[in-house]
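Colleague: I would like to learn how to read a ligand site and a nonpolar core from coordinates. Where do we start?

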Amino acid sequence: MSKYITTPIYYVNGEAHIGHAYTTFIADSVARYEKLRGEDTYFLTGTDEHGQKIEESAQKNGKDTQAFADEISATFKNLWDEFGISYDKFIRTTDDAHKKGVQRAFEVMYAKGDIYKDFYEGHYCVSCETFFTETQLVDGEFCPDCGRSTNVIKEESYFFRLSKYEDALLKHYEANPDFIMPRSRANEVINFVKGGLRDLSVTRTSFTWGVKMPESIKDDKHVMYVWLDALLNYVTALGYGTTEANMRYWPASVQLVGKDILRFHAIYWPAFLMSLDLPLPKHIGAHGWWTRDGEKMSKSKGNVISPKQVSDAYGVENLRYFMLREVPFGQDGDFSQRAFIDRINSELSNDLGNLLNRIIGMSGKYSDFEIDSVDVLKYHKKEIDAMNVVLDSLDAYMQNLQTHRYLEELWRLFSIGNKAIEEHAPWVKMKEDKKDEALATVALVANILAKASIMLHPIMPKTTNIIADTLNFKIDNASYKELVVNKNLLKLFNIKQTPPLFPRIEEPLMPEAPLAHPDAHKEAPKAVAQCAKEQDNLIEIGQFFQTSLKVGIVVEAEIVPKSSKLLKLKVDLGEENPRQVVAGIREFYTPESLINTHVCVVANLKPAKLMGMLSEGMLLAAKDEEGLCLIRPERPKKAGTPIG
Ligand code: MSP
């Protein structure tokens, strides 16, 4: 069975923001997931270009409407191309084929008796050429836009018999409880329909920027209402009314929309389809809205996040991961730099990145980078079984658009890998002359990374391709079948040395600052290239002394609830009060073992917040595949003694 995935088509009255990127990332991930599984998949996105709103935006910008639409539509397309969005078609409602398809649909509905001509009555502002509802008016009379007095006027309009489909719609919701996802959103739609549907005005005479009426219906003063025009894009993109070339993809498997436009997609759209005798989409997935630091984003507040700005600063794949991991599908989400950086550092850098580094390090040391799965099942049956349970659980989450659960479960694989390393301590096995066992653990983790990167591929395509390249395989349908479906293990291979994929981001959290920090960490390969060549990066002694290093004595230490990595310390640096230092050392030290011990502290770092707690310094430590140890003075020194 084929798969068809759509995003809403975006209005061309402004450039893309983070909400548009979110819908597009989910749809892209679902489409990539289906393609990976070998499904014949078609993924559509595009722009919605007609209607009074666009006409007015063009006028405000002093541009010809078509030229304005061309310009903004191109900004969407270029951004999606830059982000590597894997759409199969980018539709524009100003495309000829689309317009023809819409006219054809109008004719079909008209011939069926579902469209009739009548009068649209409302409060009309002549100056703005706009109808308003009674509730929109100021003091029951004045135009909310220009303040002029409005008149009650009647405009001739064609109407779609929406009321005729009330019962059929209710029956459909009942028979298909997953039609609207998540299910929790279905009630608002059902109640709306139960409240009674009025026939829908589907043409306008007050402006001209729209699809013209079909020639067979000779009525030139009307143009089509923008939502009729826009919703039909989902079938005209497949050739409805023209070539019919790709109609085999219809009905859509999932149509992604924001909660604000659910009604249009869950009520009008199915009714139009019923009228056209076309099957209904399998699912309409309605996601929540993004706020920024808890506030609604708006141009007037100046707090709208541009996805381009975030991706320039942190990399588009980190952004994809964050957005899909952070929010349960259907709920509203908040974009804060703090949450974003925490996830990159703890989940991507620590859990995934470090595991890969450890495997590269150990295999280099123990077997000259050769990895062989031959003994994995002998020593690690338990871990393999646990891994397979996780792999089998993932599909249901993706099918339900629960990307946050999908990723949460996927991350269990990294815990299995990390735990196996701690429990089996390959470096000890090497010393005990049990090389087979040590190498089996390394190979187990390589297999975990390979399978996890296949399943992470739809969300982070480029990053996972680098991981696959490191592990000497390609992510495609064949490896998906081999390693995920058939649960085979990697063949004997040489691991490649890959520079760290997720450099930690140490920026202090400054919610009031613009998101795009010019020096913030770029996508992995570039950042890596910079630090790889130390020889090119020599510093003067004066630069070294810009860092203030001091001996500190730990006076308090406690765990940080909900963090498996962090400890919160109070460190005496010989100042009036001890400093609070939040350090990622929980896996290696208990709080008790640190009290009254000496540490070396970077004392002039800008304070940063970690998990919302202020950290006023950094401990020096050395870390390799065998773990982490703190750097301490050889003999006790007074708190605050300078180092250097
Ligand atoms: N053109 C119509 C859709 C027609 S589909 C046949 C439209 N366009 S839009 O550009 O205004 O919005 C597109 C999508 O962006 C909607 O799904 C909307 O929910 C989503 N978002 C707009 N602001 C958003 C947030 N702040 N957060 C999340 N999504 C948001 O509506």
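Predicted model: local features only at pLDDT ≥ 70, side-chain atom pairs only at ≥ 80, totals over all residues.

Colleague: Which atom of the ligand is 2.7 Å from an N or O atom in the side chain of aspartate 48?

Modeller: That is a nitrogen atom of the ligand. Tryptophan 289 also takes part through its side chain, with an N or O atom 3.5 Å from an oxygen atom of the ligand.

Colleague: How much of the ligand's accessible area does the protein cover?

Modeller: On its own the ligand has 670 Å² of accessible area, and the protein covers 93% of this.

Colleague: Which elements give two or more residues to the shell around the ligand?

Modeller: They are strands S2 (10–11) and S12 (254–258), with helices H1 (18–36), H7 (226–231) and H8 (233–236). H7 provides the largest share, 3 residues.

Colleague: And the make-up of that shell?

Modeller: Its residues divide into 12 nonpolar, 8 polar and 2 charged. Of the 22 residues around the ligand, those that come nearest are Ile9, Asp48, Gly258, Asp260 and Trp290.

Colleague: Now the core. Which residues of the largest nonpolar core touch the most other members?

Modeller: Trp80, Ile359, Leu410 and Met455, out of 108 residues in that core. Leaving aside residues up to four places away in sequence, methionine 455 touches Tyr33, Leu391, Leu394, Tyr406, Leu410, Tyr480 and Val484.

Conventions. Residues numbered from 1 in each chain as written. Heavy atoms only, no water. Near = heavy atom within 4 Å. Polar contact = N/O pair within 3.5 Å; in protein donor to acceptor, adjacent residues only side chain to side chain. Areas by Shrake-Rupley, 256 points an atom, 1.4 Å probe, with all protein chains shown as cover. Helix = DSSP H or I, 4+ residues; strand = E, 2+ residues; numbered from the N terminus. Nonpolar A, V, L, I, M, F, W, Y, C, P; charged D, E, K, R; others polar. Core = buried A, V, L, I, M, F, W, Y, C linked by side-chain atoms within 4.5 Å. Buried < 20%, exposed > 50% of the residue type's maximum accessible area, 1.4 Å probe, protein only. Contact = heavy atoms within 4.5 Å.
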